[in-house]
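The following paragraphs lead the reader through one chain, from its overall fold to a single residue. Please view the sequence and the model together.

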Amino acid sequence: MAHKHPESVLILIHTRDRVLLLQRKDNPDFWQSVTGSLEAGENRMQAATRELEEETGLVVGNGLQLVETGHRVRFEIYPHWRHRYRPGVTHNWEYEFRLCLPEPQQVRLTEHLDQCWLPFGEARTRAGSWTNRDAIGRLINTE
C-alpha cells in the first residue's frame with residue numbers, strides 16, 4: 001500500500017445560508033464536509049475537483065465553480081491513522097475550498113451514510129473536526 005501524502009483538501013459546499021454535511025460510514029456520529037488527501041502528482045485544485053466528484057457526484061463546470069480560499073491549517077494526525085503515512089509523519093496540511101450552489105440539492109453518496117443541509121450556525125456546531133468548524137466560521141464571517 002502506498003503511503004498517504006500529508007496534504008489534504010476540505011470543501012465547503014454551501015448556499016447563501018446553508019452548509020452541506022456528510023455522515024461518515026466508519027463513525028456515524030461524525031459529520032463533515034467533503035475531504036480527501038492529495039494523490040501522487042495532483043495539485044490542490046485537481047484533488048479538490050476529484051474528491052468533490054467522488055464523494056458527491058458534483059462536477060465542476062457548467063456554472064459550478066470551485067474556489068480555493070487561500071486558507072490552510074496544519075493539524076496533528078490522530079495516532080490511530082498514522083500508519084497510513086510514511087514513518088515519522090505526524091502532521092497534515094489542509095487546504096480550504098468552497099463551492100456555492102444556488103439552492104440545497106441531494107448529492108450522490110458514495111463514501112457516506114447520509115447528508116444534511118444545515119443553517120451555518122447549526123452546521124458549525126455539528127461538524128466533527130475543529131478544522132471544519134473553523135472553516136464554517138470563516139464562511140459565516142464572509143456572508
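Which pattern does the chain follow, read along the sequence? The pattern is β-β-β-β-α-β-β-β-α-α, and it comprises three helices and seven strands. Helices (H or I, at least four residues) and strands (E, at least two) are DSSP runs, numbered from the N terminus. The model is predicted: local features need pLDDT of at least 70 and side-chain atom pairs count only at pLDDT 80 or more, while totals for chains, interfaces and linings use all residues. Residues are numbered from 1 along each chain as its sequence is written, and side-chain values use heavy atoms, with hydrogens and water left out.

The C-alpha trace spans about 45 × 30 × 30 Å along its principal axes. Of the 143 residues, 41% count as buried, where buried means under 20% relative accessible area, exposed over 50% and partly exposed in between (1.4 Å probe, protein chains only). Contact means heavy atoms within 4.5 Å. Among the contacts with a separation of 6 or more, 68% come from residues 24 or more positions apart.

One residue may now be considered in detail. V89 lies in the loop between β5 (66–76) and β6 (91–100). Is V89 buried or exposed? V89 counts as buried because its relative accessibility is 12%. Its neighbours within four places in sequence being left aside, V89 is in contact with P6, I77 and R82. The C-alpha atoms of V89 and D26 are separated by 23 Å, and these two residues stand 63 residues apart along the chain.
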